[in-house]
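Dear colleague,

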Amino acid sequence: MTGHAPQGAKLAVVVGALGVVFGDIGTSPIYTLQTVFSPADPHPVPVNADNVYGVVSLIFWSVMIVVTGTYVLLITRLDNEGEGGIMALITLLRRSGARNGKLALIMAGLGIFGASLFLGDSMITPAISVLSAIEGVKVVAPRLGELVVPITAVIIIWLFLVQRRGTAAVGRLFGPVMIVWFASIGAAGIGGILKHPAILKALSPTYAVGFLVGHFDIAFFALAAVVLSITGAEALYADMGHFGRRAIVRGWLLLVLPACTLSYFGQGAIVLQDPAKLSSPFFLLLPAWGRLPMVFLATAATVIAAQAVITGAYSVTAQAAQLGYLPRLRVQHTSEATMGQIYVPWINWLLLVSVLTLVFAFRTSAALAAAYGMAVTGTITIATLLFFFVARQRWHTPKWVLIAGATPLLLVDLIFLAANLTKLVHGGWLPLLIGLTAFTVMITWQRGRAIVTAERKKREGSLREFIEELRDNPSATVRVPGTAVFLNRGKETAPLAMRANVEHNHVRHEHVLIIAIQTDPVPRVPSDERIVADDLGYADDGISHVTVRFGYIETPNLPAVLRALDPGSTEGRLDLEHASYFLSKIELRRGEASTMADWRKRLFIATSHITADAAEHFGLPRERTVIMGSHIEV
């Protein structure tokens, strides 16, 4: 009996991964083949047997090389304390920055741009996924075609409205739904293959190579649509921290890859049999009685796919804020069991408005396809490049091995990227615009934050010297009963709020706790390493400094951490239940100094307005929190 429990636990993790990780890539068969041969495409692929074999083979080998080879077998081996995703690669790069100088800085910049493109992907995925599923209604009842956009909009609004409840409750349903989904599309694919078994010849890479070499003028442009088959590859890596690499590898190799392959080959088979079925090969794989149920199942699957990408956007922005690339955002953890399940209200409403705008502007999944591929290829190319760079630093892999592995994989990525660049004017500009906008905001915030920090450091002055002044002039201040907690940036400078309290009010509390909150480039900090106390050189002045460390995906609840503080580590008996918390609020103003371009100063100040309330962010009690203001010019 004891031997079965671990196996059951492993199975539960795999099922959970199926419900969250593979939603995006698992719904790609709905629209990929249809888009490749779409007559609305500016460079349509002629429908004939050779091209069908070539495209199906190209789709299969693209999935095998990019998803199975690059991501499942390689990139997922590189993690940051168990966490994956492009932000994890950036934190690994930051650690090696001192050794690699400008090169590491450039690579980190590329990583930030990749994360920015992922945010664009997070806006496009819900729109194209749900649209493609609802478009199945036109196959069942063509007269309902006008309702596709309104129905899509209603589903998307509902999806974003329920985000605040979190995925903890419905998450248990995701795995079983996706198992039914993959079983269904695999079975439908087998049915199609049985009608034209010769399609299995496309398993040979010679058909993919022959199509690329023999019809390069057609195949090159077709790659811009073939790339839709690998959308969601980044999600396999980004969600690795939730389920572990082993569950993702097993789920992909044992169910997702076979099911998607069968669906693509089945669609190719029925198109060979009847080219007219290219209007909607995914749904026409099924008999008439099974199409409406498949529309409902596809809708559920695409909602799950959208959910996975939305959650990924929350994670990326929260991690970016923790690492200093975005202002502090209000983050709510929606699951006690899973740390990674978070809700970021500001990002949620931004995504809702953006997704609805895309739905009403593009109106069909085919129109969105060009925009979609740009985000995917950009993110994948950058992730591959970062992987090999970090692998060299972390594993000390010989250069010749890295070059031998990186060259063919990056060549494939760059060919996909080049093909999608041809669709810039047809929608490919959209994710680039979103990515460049997000990238500009991130690097501007990082630069502005450095300027403000430097100026603030000057005003705060040395903490040690400030304490010496208090000891040298005890009569200058009145000590009042109670405990005061001052939040500060570190241990080198004095808190602005404390300095203002002494200089203007001439008072200080009997017990003073100066808190520096440090965000480490790891997901979570062990409890025994969370708190570091320091009496700042004097054990009798009632002033102590405490550094509290959090990982970049943890919620910094300060009162909860302080309750676990060892009484012997600070001076005197602290009354934390009645302590007053003091915050320094900085008002930003545009100055004359040439620290940044004027438009960047305006952007930095505008971005600062979305900063989450510090008291709420750190879990401070409102009734015992005092905010003292100051202003700094940038």
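Arginine 602 is partly exposed, with a relative accessible area of 46%, where buried means under 20%, exposed over 50% and partly exposed in between (1.4 Å probe, protein chains only). This is a predicted model, in which local features need pLDDT of at least 70 and side-chain atom pairs count only at pLDDT 80 or more, while totals for chains, interfaces and linings use all residues. Residues are numbered from 1 along each chain as its sequence is written, and side-chain values use heavy atoms, with hydrogens and water left out.

Arginine 602 forms a salt bridge with aspartate 598, their closest N and O atoms being 3.1 Å apart; the term stands for a side-chain nitrogen of Lys or Arg within 4 Å of a carboxyl oxygen of Asp or Glu. The two residues are separated by about one helical turn because they are four residues apart in helix 23 (residues 598-608), helices being DSSP runs of H or I with at least four residues, and strands runs of E with at least two, numbered from the N terminus. Aspartate 598, at 37% relative accessibility, is also partly exposed.

Elsewhere, salt bridges that share partners join Arg464, Lys491 and Asp534 into one network. Within it, aspartate 534 and lysine 491 have their closest N and O atoms 3.0 Å apart, and this pair links distant parts of the chain, 43 residues apart. Aspartate 534 is buried, at 19%, whereas lysine 491 is partly exposed, at 32%.

Best wishes
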